[in-house]
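Student: I have the sequence and the model open. Can we go through the salt bridges?

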Amino acid sequence: MVRQELVARQLDEQIAGRYPVGQRLRVLDVGMGQGTQALRLARLGHRVTGLEQDATMIAAARAALSGEPEGIRERMRIIEGDGRDTGVHFLPGSFDIVLCHGVLMYVEEPDPLLAGLARVLAPGGLLSLLVRNGDALALRPGLSGDWAGAQAAFDTVSYRNRLGLEVRADRLDALTATLAGIGAPLQSWYGVRVFTDLAVDGAEIPADVETLLAAEERAGRTDPYRRIAALLHLCGVRG
């Protein structure tokens with residue numbers, strides 16, 4: 001919940017600062033999962049395409065969409081496919097906003113995927129990436145008392161996630177260079193989950209959740225706190 005709410009607020013801030021109020025935007029959500037952000041943006045009036053390859057996630061997204069009013073259902077379409085194949089599905093410059101949240105950690109070689117995302121982005125369009133912070137991998141094991149794990153995490157971008165999968169993280173400097181190289185240089189970035197990374201999955205939402213979110217939101221845009229966040233939200237703009 002914290003992740004989705006913070007990313008939504010940050011994304012809305014970027015949209016408000018870049019587009020006129022009320023403009024209906026063309027949005028692509030690559031690896032949309034169960035469609036949380038995609039559906040939220042469709043509710044706001046945007047035309048949204050969700051691209052996802054996991055059948056379980058597609059089913060969940062379609063179930064959520066089926067409960068929406070007809071106008072919202074008409075504004076959102078779901079395509080089954082791999083995010084690395086955007087060139088197969090879409091023409092260059094087809095979207096004003098491209099989201100790719102929680103995907104890069106599962107991609108061994110992310111550069112071709114990122115180049116494909118930039119290709120389908122219209123000039124001046126916004127590319128929104130949510131990645132695991134490779135510069136803060138030692139924090140989770142260290143704060144949990146796993147000293148050996150913390151030591152090992154300093155020298156790698158690989159880690160085992162909560163699903164037990166071996167995945168990868170990204171470092172801010174490296175992604176900044178990549179975004180410049182694909183013609184969508186970094187404009188803004190935020191930290192996500194500075195204080196709540198150790199919360200267990202399924203933890204109850206606290207009664208003072210708005211205070212929690214306010215603290216997370218401020219930390220996510222303030223140095224040095226944002227640099228040690230579990231996740232980084234990077235926003236690039238197509239030249």
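Student: How many salt bridges does the structure hold?
Tutor: A salt bridge is a side-chain nitrogen of Lys or Arg within 4 Å of a carboxyl oxygen of Asp or Glu. This is a predicted model, where local features need pLDDT of at least 70, side-chain atom pairs count only at pLDDT 80 or more, and totals for chains, interfaces and linings use all residues. Residues are numbered from 1 along each chain as its sequence is written, and side-chain values use heavy atoms, with hydrogens and water left out. The number of salt bridges held by the structure is 16.

Student: How many residues apart in sequence are the parts that arginine 9 and glutamate 217 tie together?
Tutor: Their side chains meet in a salt bridge at 3.0 Å, N to O. Helices are DSSP runs of H or I, at least four residues, numbered from the N terminus. Arginine 9 lies in helix H1 (residues 2-18) and glutamate 217 in helix H10 (residues 209-219), so the parts tied together are apart in sequence by 208 residues.

Student: Which residues are linked with Arg9 and Glu217 in a network of salt bridges?
Tutor: Arg9 and Glu217 pair with each other. Their network also takes in Glu5, Glu13, Glu210 and Arg221.

Student: Is arginine 226 buried or exposed?
Tutor: Buried means under 20% relative accessible area, exposed over 50%, partly exposed in between (1.4 Å probe, protein chains only). Arginine 226 meets aspartate 223 in a salt bridge at 2.8 Å, N to O. Aspartate 223 is partly exposed at 40%. Arginine 226 has 14% relative accessibility, so it counts as buried.

Definitions and conventions. Helix = DSSP H or I, 4+ residues; strand = E, 2+ residues; numbered from the N terminus.
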